[in-house]
Amino acid sequence: MDYSLQRGAELIIAECMKISGTNPYEIFHTIAQKDFIRIHGPEHHVLDGACILTAFHNAGGDLDLYAALQKIMQEGLRMPGAACGLWGVCGAVTSIGAALAIIDSTGPLSTEDWGSHMEYTSAALARLAKTGGPRCCKRDAFLSMEQAVEYIKEHYGITLGMLPIQCDFSSKNDQCIGKRCPYNT
């Protein structure tokens, strides 16, 4: 497939607009199986937050889904690949942090909810740090989503679906950490 990050992001948004589920992992898994999603790559900076926004909206969250997905695409495309190793912050976490900011309509000058999004990102990053590397965009998405589901229930009173996650991407990941991964089957 001829790969374009912009085109991949647009396809992610189109897929999200078709999905009616409330489980962000199932939404992620459906889209991550598509040929425009690599095992690792900056498309996850769009995909992970888009799955949370889609599940939130489908669970009754007050959100203009199309506008929110356009915004997550804009924000996600600004973050370069390999941020986890080069900047010390994971794109899965920042994508979902951006999704929470979109839900709350916050920005750099906001006073309401500004700090709570950082509580989410710091808790999610702490979980990623404990698991260790090397990077795995799928594992990092799963950990970040689990943390987000808890956050959304606590802060918005909306329960998103979340089945026990079992990774079926490990055979495609040459750097899989195997039994150290909480999703290894």
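These legends go with a set of close-up views of the structure above. Everything here comes from a predicted model, where local features need pLDDT of at least 70, side-chain atom pairs count only at pLDDT 80 or more, and totals for chains, interfaces and linings use all residues. Residues are numbered from 1 along each chain as its sequence is written, and side-chain values use heavy atoms, with hydrogens and water left out.

**View 1. Tyr120 and Tyr151 meet edge-to-face.** The structure holds 6 aromatic pairs (rings of Phe, Tyr and Trp, the last by its six-membered ring, with centres within 6.5 Å; planes under 30 degrees apart are stacked, over 60 edge-to-face, the rest tilted). In this one, the ring centres of Tyr120 and Tyr151 sit 6.1 Å apart with planes at 70°, so it is edge-to-face. Tyr120 belongs to helix α7 (residues 114–131) and Tyr151 to helix α8 (residues 137–156), so the pair ties together parts 31 residues apart in sequence. Helices here are DSSP runs of H or I, at least four residues long, and strands are runs of E, at least two, numbered from the N terminus. Tyr120 is buried at 2% relative accessible area, and Tyr151 is buried too, at 6% (buried is under 20%, exposed over 50%, partly exposed in between, with a 1.4 Å probe and protein chains only).

**View 2. Tyr151 also pairs with Tyr156.** The rings of Tyr151 and Tyr156 have centres 6.1 Å apart and planes at 70°, so this is an edge-to-face pair. Tyr156 is partly exposed, with a relative accessible area of 23%. Elsewhere, Tyr25, Phe28, Phe142 and Tyr183 make up one aromatic cluster.

View 3. Ala32 is part of helix α2 (residues 24–32) and is buried, at 5%. Ala32 and Phe169 are 137 residues apart in sequence, yet 9.4 Å apart in space, C-alpha to C-alpha. Lys138 lies over the face of Phe169, 5.2 Å from the ring centre; that label needs NZ of Lys or CZ of Arg within 6 Å of the centre and within 35 degrees of the ring normal.

**View 4. Ile31 sits in the largest nonpolar core.** Of the 54 residues in this core, Ile12, Phe28, Ile31, Leu53 and Ile72 touch the most other members. A core is a set of buried Ala, Val, Leu, Ile, Met, Phe, Trp, Tyr and Cys residues joined through side-chain atoms within 4.5 Å. Not counting residues up to four places away in sequence, the contacts of Ile31 include Ile12, Cys16, Phe36 and Leu47.

**View 5. The largest pocket has a volume of about 620 Å³.** Of its 21 lining residues, Glu75, Thr94, Gly97, Ala98 and Ala101 are the closest to the centre. Helix α6 gives the largest share of the lining, 7 residues. On a 1 Å grid over the protein atoms alone, a pocket is an open set of points with protein on both sides within 12 Å along at least five of seven lines, a cavity is a set where a 1.4 Å probe fits but cannot get out, and lining residues have an atom within 4 Å of a point. Points are joined across faces, edges and corners, and volume is the space filled by probe spheres set on them.

Methods:
Contact = heavy atoms within 4.5 Å.
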